[in-house]
Structure formats: structure tokens, C-alpha cells
Amino acid sequence: MESVPGISGRAGASPGSPPSGGNDRIIRIQHLSKVFREKNRSVTAVDDVSFDVFSGEIFGLLGPNGAGKSTLIRILTTLLQPTSGSAWVDRYQVTKKDEEIRGIIGVCPQNSTLDVELTAYDNLEFYGKLLNVEEGILHDRVMQLLEMVDLTDRAHMPVRTFSGGMKRKLEIVRAFLHRPLILFLDEPTIGLDPDSRWEVWEQIEKLNAERTTIILTTHYMEEAEKLCHRIAFMDRGRLIALDTPENHKRAIPAGDLIEIGFETMKEGLLSALTATGLVKSAEAKDNRVIISALNGSRVLPSIIAVFEKFSMPMTSISIRSPTLEDVFIYLTGRKLDAGNGDVPTGGGR
Amino acid sequence: MIRGAVAIFTRDFKKFLSNPFVIVMTLFMPVMYLVIFGNAMGGTITHIPIGVVQDQPYMTETPLFTAAVEEIRNFHQPDKPSMFDVTIYSSEEVAKLALSQGRISAAVIFPSELSADHVVRVYEDSSDYMVPSLIEAGISSAMAGTGSPDPVAINRIYGQIDYIQFFGVGVIVMAIFMTTMMGGAFALIRDRELGIIEGYLVTPVKRSSIILGTIGSTTVRAFLAGVIIFIFDILITGVAVRRIEDFLLVLIVIFIASIGVTSLVVALASRFSTQQEYASVVAFFNLILFMTSGAFYPTIGMPGWLSWIAWFNPEAYTVHALRSIILRGQGIDIIGTDLVALGIFSTLAIFLGIATYRRTLE
């Protein structure tokens, strides 16, 4: 398992990427880059990314559209060749041992690859054959997975008649037919309604409970927050932060966010607020004063006192702990869903 | 109301203009129909090869023979080149052999005497369309020109063959092409558009297995379509297959043609990313290959440049081979050339298909 070559490539080891280590690192990525060249334009979709994924974890790749998440997944799942850098999936190096890698991974791509004209059963049976599931156990395995996603009674109906959530769940277990070591889920809940999304999350957790390492990309904060043990933020092809969700939030110096609604602004309020020394920053935006403070609920009375001193009526008050969204804004200065759709997700065809 | 209509109109037009390839093909197609259909179907049949023999006892060429051959050579329709290319054979056997091998369309045997008791015997390849009646008309008129009293007796060596039987054989080829083009390749492009094929690529299945499975399934479908139409031919048009060898030979020809056409179509389908582009190209291929194959109309009626295409046309060889077996009861000795040509085409097509399709998988 551990016969992974040392860090290869450029300018020695970077401090960020650990040397080949314990067996629990199931994916190792080192200085991986992917540049798409199109006529006289070139786009760097993945830009010198290095990180490891531990065995058994749910690892989230989070970022806006066009951040390079899908491209990275496509490289790891052998669909695309990296321009430079290297990656190992289990003990196999990407581009050198692609066939072996395909045997131990399950992939649920962003765009559905189900054959909607076939039945749920046929879809799974067909992939079971492609995935080398033993003939003798294939039927039982298919039925077991259909049961897992509550589709037993619809086993012999064409997938065309299924709801979006049912299709997605079916596609996820399809990737799990051969009990892969690693499951790649590219935007598993995109376009699903909240109920279906919740069901898919449950499904992912069930699969993870069977010791499957799961790598998922998403641009939904709550999804990453709910599921992922560790989250890598990507933006414009670069890895900008990697940690557990708790640590990510702790990394924000601002602390809690207090938002106070108002109707008319009085001059001097903002400077008075910062003068108390209790808040880190205060700004007015869209009839709201947004204040960040380390311990929101403790400092709130003092803040209200300032508002009263200025005789400024408040229309609303809210305090919230930082979310991953705030982490992203803190890291990049932009909102997550303000995608810059600039980078192709990979050459179709 | 008008505003909405204009918006839709503009949108449709924008999309239409954004795909110059399809525009060119949609305009090109009718013109091609005109040129090819017009020439293939409306062309005048000329230069029909026929053989003439002076019957035994042979001393010297009789005046009848000399006069009749001259008449036949010069026979033509107004403002057209002569209708017959005449070859003089030394004996009836040699002429009949040439006829059975398809080198000539008729053998005319002239008696040695000028008299109403001696018959001018015409043996003609009745499996062709139009050509037999032209031969009959031409020879009757030539004989009238010589003023001789000898009657003309026509022998249709393959019996009476109707147009539906002639055309029915061509339809087998059409079935093969239709199945691969419509069923096989469109499904392939759609699978790719829907990303179904990309799904295969992350499984351990070998690239070669994907190619083999795809070409295999379409080939078998095309083969079955061909065989079913063949059986329809037997039932509906009344062609008769007399020997089991003939039946097997037909299956072999259909199979080689199916795998070749399938591979070619897979190669084409791999080059085009949208169904629309593929459809316009394949419609063009279908037109040019089917029209020049001789399925509708004898290849002899086509102008030179079109029969030149027929020379490279695998469908022409398939039609010829099938017609030889089904209508003329001929065997491997006659269709050997067709089989070799088809074999070369299919081998090339398979390599092209595999190489082109493989590229889309990487």
C-alpha cells in the first residue's frame, strides 16, 4: 500500500504537502495543474493544487462555479490528463495506472449518465457488468442497492419516469455497485429540491458508514457543512484553504456577525460603534448596520446603547455565527455564488 | 402577438445562421438530388455491350450478318451515341459464356441463311431493368433495316424478371444503410450528447470493449434488417432462391456489407458532435451511395463521372453480388470480385471506425 514515490517534480518539497506517509492517505495530489488551450486563449482550470485525502473521510471541494472542482475530479477519475504535477489514487499514479484506478473508484458525474430509457434495475445491472461485479452476486447486489434507496418497487420502471431525487440516488448507488474504495460525487445535489437533497445526504452518510472515502464537490454551504469532515476551498483553480469546518470558522478573525436594521442613518454612529472597542468592524449597507464582534451576544447590549444614544430606531436585530459562506467571503472577498463561469469544466465530447 | 412571433422568428433564424455547415448541406442536398437523381434515372442508356455470332456452318460472313451487325452498330436514338457496343464472337459457346458472366447483356446468333425458316436467336440477360427491352427493340429495328425475312426469337435466360424483383434486391442494401445510419449512429451520438458514454469511461471496462460492443450491436441489427428484407423479397416479390448455398452466400454478402457500412457510419458519427450535422452528411452519403449503386436503375445508364463513383461504392458491389445470386443464380465465381471489393472496403472501414471512435473515448 505504501509504495508511493517521494514528492516528485518541481523545486523540491513544498511545506504544505506532506511526504508520502501513512496508509491512511488514500489520495495524494502534488502540484497538480491543468491548462486548457483553445486557439489563442488558455485557461488555467487547476493551478498548482496539492493536498491529501484521508481514508474514510468525506472530503468536500467547495467553490463557486468554474473554480476548478470538476476539472480536478475529472483528473482524479482518469477522464482528463493533468498538464503538470502528479496525483496518486490509493497506490496508483494517475495517468500511469488508469485502468487500476477505475477499478477502485466509483464516480457520479455532475451531469447524469443514467440511461433513462432503461429501467432502474437494468441501469444497475448493466453497470455491474461494466464494473466487473461477479455474475453470481450481481442480482442480489442490485436488489440490495435498490432497497437502500427505496426504489425496490420501481425497479422495473424506466428511469425516465423518476423524479430528480430518485435519479440522483440511483446514480449514486450505481457508482457504489462494486464497493469502491473511493466515491467521487460531483455536485450530487445540484438542482434538487430540499427534501430530495436531504435524502441524498442521508444516502451519502450511509455509504460513508461502510468505510468508503467520499470526495464531493459542491457549491452549497450547508451541504458541505453537514456532510464533510474536511473542506478544501477552491477559487479560480487554486486551493485557498483546507481544514475542518470548525477550524475554518475559527480562522475568521471577525467572530460573530450582528446585523441591525434601521430606517435613517445618523452621522457618527459607525465611528461611535468602533470607539466602544467591543466591535471589530461596523459598516452600513442596504439599511443595515453590519457589525462583527468576537462575542456577539455579550456585546449586543452595549451596541444597542449606542443606537439609543443616537436616537436611532432599530427595525431588526440578528446575531449569527459565521458560516462557511462567511469563510469564503473572508478568504476571497467575494460571495460564493457569484460565479465567474470563466473556466470550462472540461472538454466534453 | 407580433412581438412574440418576431422574437421567435429572430431566435430561430439566429440559430440557423450560426451553423453554416448545416446551411450549406441543406442547400447542397437538393442540388445533389437534381444532379444525381436526374443523371442516374433520366440518363439515356447507351453502349449496351452485346455479342454477335455467325452461326454454323460458318464459311464466311453472310450478307445478312454483315448488314445486321452494321445496323446494330449504328442503331441509336436521335442525337445520342450508339446504343450498342458490338463484339463479334467466334462461336455460340463463347458468346453464351460471356453472357453468363455478365460481360455482355445479350448474345445474338445469326443463321447462315436468309430465309423465314431460319431464326435469329437472341439470348438476353433479363435480370436487368430497361436494358432487355432496349435490346429487343434495337434488334427488331435493325433486322427490319436489313430487310431480311428471318424472324427474331428472344430467350430471356433468367426468365421474366419484374422491376419489383430487380428493385427488391437493392432494398436489402437500403435496409442495411438505414439501420446503421438511423438506429445505430443516431443512438451513438445521442448517448454521447447525454453523457452516457462518458459514464462508461470511469468504469474499468476496456476501451476496446466499448468499441467492439458498439460496432457489434449495430452490425447485428443491420444484418438482421438485411435478412428480414431479403425474406420479404422472397415472400412478396417472388424471387426464388434455389439452393441452400445461394442462401448462405446471400447471408455472407449481407454480413460483410453490414459490418463495413456500420464501421463507416460509426466513424462518421464520431466526427460529428451534433445529430443535425451528422444527419445532413449522412443523408448526402445515403443519396450518393444508393443512387449510384444500381439499386434503382442500371448503372449503365449513368453518365461517366457517376459510374466512376459507383466504382468506389461498396453498395454497388453489394447490389451486384446480391443480384447475381438472387436473380441469376450465379455463384462465387461471378461474385468473387464483388466479395473482394467489399472485403477491402469493410476492412478499411473497420480500421477507420475503430480509430475514429477510439479518439472520442480519450
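What pLDDT does chain A average, and what percentage of the residues score at least 70? In this predicted model, chain A averages a pLDDT of 83, and 89% of the residues reach at least 70. Chain A is divided into domain 1 (25–249) and domain 2 (253–321), while the assignment for chain B gives domain 1 (48–156) and domain 2 (163–361). The points below treat confidence, domains, strands and cores in turn.

**Confidence in chain A**

- Where pLDDT is low, predicted coordinates should not be read in detail.

**Domains of chain A and chain B**

- In chain A, the C-alpha centres of domain 1 and domain 2 lie 43 Å apart.
- In chain B, 38 Å separate the centres of domain 1 and domain 2, taken over C-alpha atoms.
- The contact between these two domains of chain B takes eight residues from domain 1 and 10 residues from domain 2.
- By class, the side of domain 1 of chain B that touches domain 2 of chain B comprises four nonpolar, three polar and one charged residues.

**Overall features of chain B**

- Chain B has 13 helices and five strands.
- The C-alpha trace of chain B spans about 85 × 55 × 35 Å along its principal axes.
- Of the 362 residues in chain B, 39% are buried.
- Among contacts in chain B with a separation of 6 or more, 79% are accounted for by residues 24 or more positions apart.

**The four-stranded sheet of chain A**

- Four strands of chain A form an open sheet in the order E2-E1-E4-E5, with antiparallel pairing.
- Strand E2 (41–54) and strand E5 (92–93) of chain A each have a single partner strand and stand at the edges, so one side of each is left without a neighbour in the sheet.
- Two bridges connect strand E4 (residues 84–89) of chain A with E5(A) in the antiparallel sense.
- A:Val89 stands opposite A:Tyr92 in E5(A).

**Strands E11 and E14 of chain A**

- Strand E11 (residues 256–262) of chain A is joined to E14(A) by six bridges, and the two run antiparallel.
- The bridge partner of A:Glu259 in E14(A) is A:Ser318.
- Strand E14 (residues 314–320) of chain A lies largely in the open, because the number buried among its seven residues is zero.

**Nonpolar cores**

- In soluble globular proteins, nonpolar side chains tend to be buried together.
- The largest nonpolar core has 73 residues, of which A:Leu76, A:Val89, A:Phe184, A:Ile214 and A:Ala232 touch the most other members.
- E2(A) gives the most to this core, with five residues.
- Leaving aside neighbours within four places in sequence, A:Val89 is in contact with A:Ile27, A:Leu76, A:Val94, A:Ile101, A:Ile105 and A:Ile182.
- A second, separate core of 59 residues includes B:Ile229, B:Ile256, B:Val261 and B:Leu306.

Technical notes:
Residues numbered from 1 in each chain as written. Chains lettered and ligands numbered in written order. Predicted model: local features only at pLDDT ≥ 70, side-chain atom pairs only at ≥ 80, totals over all residues. Pairing = 2+ DSSP bridges. Domains from an automatic or database assignment. Contact = placed C-beta atoms within 7 Å. Nonpolar A, V, L, I, M, F, W, Y, C, P; charged D, E, K, R; others polar. pLDDT = per-residue confidence, 0-100. Buried ≥ 20, exposed ≤ 12 C-beta atoms within 10 Å, placed from the backbone. Core = buried A, V, L, I, M, F, W, Y, C linked by C-beta atoms within 7 Å.
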